[in-house]
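User: Please take a close look at one part of this model, the nonpolar core and the helices that build it. I would like one connected account that also places this part in the chain as a whole.

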Amino acid sequence: MAYANKRQERYVKTKKGKEAINKSRKKEQEEKRSMPEGRIILRYRRIKSIWGETVANWWLKKEPICEICGIKFQEKAPKRKSKNQPNFNKESVIDHNHQYEKKDYKKNSTLLPRGLLCNSCNLLLGHAKDSVQILKSAIRYLDD
């Protein structure tokens, strides 16, 4: 049995072995992407790697609703058009205070994002530079 393990370890280090591992990982991810539960697992992993475990657990518990306009998303992790291109009309975005970077959320377990938003509301805040004054001016403009 020990011989088989050593042989497998040697195989994994070869070019052919690395290709086989990558092929099986790719197949596993494609299978997960085809099911809603699998997409949640993959999105959780991605959030955990970028933001940290605390934020990933926070995301998992949140309802998929935009906290500004109230749009309810059909799925927590919908299918994407392509692997790296999110579908901004169907996918929620994590909104955070921009005085902190994503790595700060990873380091500090008490720090949490502000909420989940749709892409339109997230862009609204971004273009207003998170300024309450700019948003109040916009409201006054619309009221006139």
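**The core and its surroundings**

Analyst: In this predicted model, the largest nonpolar core is made of 11 residues: Tyr44, Ile47, Trp51, Val55, Ala56, Trp58, Trp59, Ile94, Tyr105, Leu111 and Leu116. Helices α3 and α4 (53-61) each contribute at least two residues to this core. The largest share, four residues, is supplied by α4.

Trp59 is one of the core residues. Leaving out residues up to four places away in sequence, Trp59 touches Ile40, Arg43, Tyr44, Ile47, Lys76, Ser92, Ile94 and Leu116.

On the α2 side, the contact involves Glu28, Gln29, Lys32 and Arg33; on the α3 side, it involves Gly38, Arg39, Ile41, Leu42 and Arg45. By type, the residues of this contact are two nonpolar, two polar and five charged.

Is Arg39 buried or exposed? Its relative accessible area is 9%, and buried means under 20%, so Arg39 counts as buried. Apart from its neighbours within four places in sequence, Arg39 is in contact with Lys32, Arg33, Ser34, Glu75, Ala77, Pro78 and Lys79.

As for the whole, the protein chain has seven helices and two strands. Along the sequence they follow the pattern α-α-α-α-β-α-β-α-α. The radius of gyration of the protein chain is 21 Å, well over the 15 Å that the globule rule gives for 144 residues, so the chain is more spread out than a compact globule. The C-alpha trace spans about 80 × 30 × 25 Å along its principal axes. Buried residues account for 28% of the 144 residues in the protein chain. Of the contacts between residues at least 6 apart in sequence, 47% join residues at least 24 apart.

Note on methods
Residues numbered from 1 in each chain as written. Predicted model: local features only at pLDDT ≥ 70, side-chain atom pairs only at ≥ 80, totals over all residues. Heavy atoms only, no water. Buried < 20%, exposed > 50% of the residue type's maximum accessible area, 1.4 Å probe, protein only. Contact = heavy atoms within 4.5 Å. Nonpolar A, V, L, I, M, F, W, Y, C, P; charged D, E, K, R; others polar. Core = buried A, V, L, I, M, F, W, Y, C linked by side-chain atoms within 4.5 Å. Rg over C-alpha atoms; globule rule 2.2 N^0.38 Å.
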